[in-house]
Amino acid sequence: MKSAKFDYVVAKTVADATAALASAGASPAIIAGGQSLVPMLNLRVAFADVLIDISGIEELRETSLTTNGITIGALTTHAAIEDGKIPDPFRGLLRKVASGISYRSIRNYGTVGGSVALADPAADWPVCFMALGANVCIATGEVSRSQAITEFIESQYITSLRKDEIVIGLHIARSDEPQRWGLHRVARKNGAFADSIAIAVQRDNEPPSIALGGAVQRPFLLAAAARQLSRRGTPEIELRAAIAQDVRANVPEADSYLMRLHTSTVLRAVREMGSQ
Amino acid sequence: MRPVTIELNGAKVVHDIEPRETLADFVREQCRLTATHLGCEHGACGACTVLVNDKPTRSCLRLAVMCEGCTVQTLEGFRDDRVMETLRRQFHECHALQCGFCTPGMLVMARDILLRLPNPDEQIVRRELSGQICRCTGYANIINAVVAAGREIGSAGGA
């Protein structure tokens, strides 16, 4: 359970980090909290010839709340969000998600940027950020771009990040309209990766948004279910059918157990949202 | 190899460290502090939990080179800690260990729980300790001990 050898460099700025990526050999890796990368290196399911440590780049810890929205720095830890150290304009949704991730000793280091950049389909943040319609902020050198998280995450552990780019934060448009949300998560054990996790968000005067992750290729938005839900007084049987349609389209490998599991988590998230 | 300076249990240590060496291997192999136990070595069991800059940390998931300039506290570093003294006594009273392998991680994590969430009830302790795995005692006595320590500290006027 020991990693193969690698070199280690400390980046002091975003430009430092992306320059190191650009000039590195075949397999550099960015390390922030390291709570996924270190065990993957130790288990030798991931390899890196050089680790570029971005954990000391202070600007990536900053969160800003403006009239446009909230930008959460990539190095913000799950524990910082759990403890309310950053504003949560979504009525506690961010705190709720953060507190359900793994265990406190992991949450002290794991970062939102790392979670999004790794793109584990069972991770909590990508599902949450999809439901909130977030954009991923990405940089190389002084150049930055932003991309909807639904497009940024391409498949299991695959994102649109180019070799010399890093994730610097997440941007979520702000809405002053009242909003409700629901979250349901099924995992074998408290703190384990979810077999199924659904998050539903509704802002008044906007259509609802429902995201699902877990035992899937990639987390996704449930378009048919959201359409069905925006019609007032939809009978549950029609909502179930719409959820099943979304799950079949996005998780073609789902057997009858997974169909029932995902349908239930979505329904429970939607019910929780309805009761808020 | 890279020189790294760490304040370990109150004393400054400087060592040349290979980047791939975990904090757990560093404290055990280089510093001969063997209270930190290694169970799974991939962040699942919690036996290797130590404090880094006062925060519970899985030392098997932390590269020692990333601890440059940090304070690290292993179980050996809690001799004069009042919360830990109470926990140690309650673990004894409640029979909260058999083989003792998970105990260092349990104690470090339990201390953090009592400081963050004073006087926790059983449900909170169960949730907060769920990242620490014990393979012999079962969890009931461990949870009883943490709840009892929290109550004792609470009634003595706060931690």
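A residue counts as buried here if 20 or more other C-beta atoms lie within 10 Å of its own, as exposed if there are 12 or fewer, and as partly exposed in between, with C-beta atoms placed from the backbone. Keep that in mind while looking at this predicted model, where local features need pLDDT of at least 70, side-chain atom pairs count only at pLDDT 80 or more, and totals for chains, interfaces and linings use all residues. Residues are numbered from 1 along each chain as its sequence is written, and chains are lettered from A and ligands numbered from 1 in the order in which they are written.

Let's start with a helix. Helix H9 of chain A covers residues 223-230, and its buried residues are A:Ala225, A:Ala226, A:Gln228 and A:Leu229. Looking down the axis of H9(A), you find these buried residues within an arc of 165 degrees, so they line one face of the helix; the arc is that of the directions from the helix axis to the C-beta atoms. As a reminder, an α-helix has 3.6 residues a turn, so residues three or four places apart point the same way. The cover over the buried residues of H9(A) includes strand S13 (209-214), helix H10 (236-250) and helix H11 (256-275) of chain A.

Setting aside neighbours within four places in sequence, A:Arg218 is in contact with A:Pro121, A:Ile153, A:Ser155 and A:Gln156, where contact means that the C-beta atoms of two residues, placed from the backbone, lie within 7 Å. A:Ser155 is 63 residues from A:Arg218 in sequence, yet their C-alpha atoms are 5.1 Å apart in space.

Now step back to chain A as a whole. It has 11 helices and 14 strands, and 49% of its 276 residues count as buried. Its C-alpha trace spans about 60 × 45 × 30 Å along the principal axes. The radius of gyration of chain A is 19 Å, which agrees with the value near 19 Å for a compact globule of 276 residues; this radius is taken over C-alpha atoms, and the globule rule is 2.2 Å times the number of residues to the power 0.38. Of the contacts in chain A with a separation of 6 or more, 60% are between residues 24 or more positions apart.

On to chain B, with its 5 helices and 5 strands, which run along the sequence as β-β-α-β-β-β-α-α-α-α. Its radius of gyration is 16 Å, close to the 15 Å from the globule rule for 159 residues, so chain B is as compact as a globular protein of that length. Buried residues make up 50% of chain B. Here the assignment gives domain 1 (2-77) and domain 2 (80-155), and 13 residues of domain 1 of chain B are in contact with 11 residues of domain 2 of chain B. Strand S3 (residues 49-52) of chain B supplies the largest share of the domain 1 side, 3 residues.

How do the chains meet? 24 residues of chain A are in contact with 23 residues of chain B. Strand S1 (7-10), helix H2 (37-42), strand S3 (50-53) and helix H5 (104-107) of chain A each supply at least two residues of the chain A side, which divides into 10 nonpolar, 9 polar and 5 charged residues.

Key
Helices (H or I, at least four residues) and strands (E, at least two) are DSSP runs, numbered from the N terminus. Ala, Val, Leu, Ile, Met, Phe, Trp, Tyr, Cys and Pro count as nonpolar, Asp, Glu, Lys and Arg as charged, and the others, Gly among them, as polar. Domain bounds come from an automatic or database domain assignment.
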